[in-house]
Amino acid sequence: MFIRNSLVFIVSLISFSVAAKEISPNLGKVASIQLIQQWNRDVFPDGEGLPIGRGTAIIGKAIYQQHCIACHGVEGMGSSAEELAGAEHALTDTPPDKTIGNYWPYASTLFDFINRAMHINNPGSLSADEVYAVTAYLLYLNGIIEKTSVINQKTLVAIKMPNAKGMVNIYKKEAQ
Amino acid sequence: MIKQNDKISITGGLLDRRVFLKKGLVFSVATLSSDPLHATRDDARLPWMKTPGATFSNYGQPSTYEQDVIRWTMANSMAGGNGVSWTPLHKMEGTITPNGLHFERHHNGVPQIEPERHQLLIHGAVEKPLIFDMVALLRYPMTSCFTFIECGGNSNAAWRDEPIQVAAGYFHGMASCSEWTGIPLSILLNEAKIKEPAKWVIAEGADAAMMSISIPLDKMLDDCILAVYQNGERIRPENGYPLRLIVPGWEGVLNVKWLRRLHLTNRPSMTRNETAKYTELLPSGKARQFTFVMEAKSLITSPSVGQKLENPGLYQISGLAWSGRGRITKVEVSADAGRTWAEAELQQPVLSKCFTRFRIPWQWDGKGTVLKSRAVDETGYIQPERSALIAARGKYGYFHYNAIVSWGISNQGEISHVYTE
């Protein structure tokens, strides 16, 4: 048996998917729903993963000025970090500008990224309401929503970004 | 010395790739300068031969005379943990990158993870969501994979209108190659029992950026591993300690460091790193997305930009080639700006999705010229000229630059980065 498994293991260098089932020691512990909910922060364009909360650009501006402006500059025009808003050139210009407003295809990406990675000195410290508010402010700076628009689980998903149809899925294309 | 009957294979001074091996050719530059007739016995015994050497060390370090063989680092001035470092490919030989020189891309610094507190969660479209600690993972069967990791943004300075004059590694060195040892991911995914409609896996790291990205499940089951060891030792913190996802041949960003979570889903989550970044804007205004595979690429690492040929004579051209689609089958070198090409010797073994070292002897005649290398992989893909890449993609895609690299040689032997078309 040992020899047989050893052989399987060598073969597995080339194709281990079949061999794998035979040699797993099965040491994984079943994860509870609570633990998964605690860990899982993934947010999808259809709204899956968005928490309860709300915010506006007015509130978001105050948070941005406290936590984000040092790297991202006044009104998202860029500083040590890249520009987030204020595109002066189209994607077809040479050179183009790539901002949230003219390049990012989904508004949900903003919430997902700010929620997991920002602000950079203390990621995870913003409440859901604060993340919604900063998201709203960045959408407002990019001319996508009004200053007073409320961004929440439902309104965020309803936003159609200007570049929503701008991406060509090369992986899918190659698979065909 | 080159004899008259040594065949110079083609113009530009390139010799048959096996000439070094066959004939034991010697370089024309004399390197031994001491004259044994006039040296005393004492002179022949250098200082380190007269006193006992250093004692043992628990972990060896490079010679103090090699302190310029270092990564080049660049970070956000306001956030020092957000940046990159490049592997000094121009100072290296062979195919394996020492662990301390492996390139880095961090989004918010290197976490100092306590292994006993690190866990991996697998959840989503599985029958049994599972959590593993490192003690459990270390009991799983492991396999090794010699593979390169290359950042999707490697070589991006070559999109610029003027050729950048920095050392080859600090330009193309967001690519490194290691023996990664770990658990085939299929073992853990099968243990959790994949269920419909799983098609994608969102992988997340345990760094301060909680870096996340979506990866097709097919690839995960094909050849991905959960690496624990890099070149025989536990992975360094800056390369993902204690657990790194290895996605052979695909963009570096997918090789998630400090891996803590795998979420099986029916669709990608459209994270920042698969939408705003790692997508390539085309002249049409559309952008290529999910361009995972790193296409075939090569460059001459010696001689290369910033180095100098001291005098005419015989040199060995040495470089690296790799392809995310499989094995390198051929590397051709030109010493006349691409007019003629000669096949270089490939160092064995040539492994799939791995750095491949190529070498060819070259007799430099002291005149100005241009050196180039061109890789071909097992799919028949040929590394394109820069002009062809730009014709296909424009200049503003930023990612996935893999065109032929040209080094201009002046008649003084100075080497610069040039564009030839």
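By salt bridge I mean a side-chain nitrogen of Lys or Arg within 4 Å of a carboxyl oxygen of Asp or Glu. This is a predicted model, in which local features need pLDDT of at least 70 and side-chain atom pairs count only at pLDDT 80 or more, while totals for chains, interfaces and linings use all residues. Residues are numbered from 1 along each chain as its sequence is written, chains are lettered from A and ligands numbered from 1 in the order in which they are written, and side-chain values use heavy atoms, with hydrogens and water left out.

Over all chains, the search finds 30 salt bridges. One of them joins Arg374(B) to Glu332(B), at 2.9 Å from N to O. Arg374(B) belongs to strand 22 (residues 369-377) of chain B and Glu332(B) to strand 18 of chain B, so this pair ties together parts 42 residues apart in sequence. Strands here are DSSP runs of E of at least two residues, and helices are runs of H or I of at least four, numbered from the N terminus. Glu332(B) is buried, with a relative accessible area of 14%; buried means under 20%, exposed over 50%, and partly exposed in between, with a 1.4 Å probe and protein chains only.

Two strands pair if DSSP finds at least two bridges between them; strand 23 (residues 406-409) and strand 24 of chain B have four. Within that pairing, Ile409(B) stands opposite Ile415(B).

I turn now to the interface. How many residues of chain B are in contact with chain A? There are 69, meeting 56 residues of chain A, where contact means heavy atoms within 4.5 Å. The buried area, that is, the accessible area (1.4 Å probe) that two parts lose on being put together, summed over both, is about 5400 Å², with 61% from carbon and sulfur atoms. Arg267(B), Arg272(B) and Tyr396(B) supply 11% of the area that chain B buries against chain A, more than any other three residues.

Between chain B and chain A the count is seven salt bridges. Among them, Glu48(A) pairs with Arg267(B), the closest N and O atoms being 2.9 Å apart. Arg325(B) likewise meets Glu174(A) at 2.9 Å.
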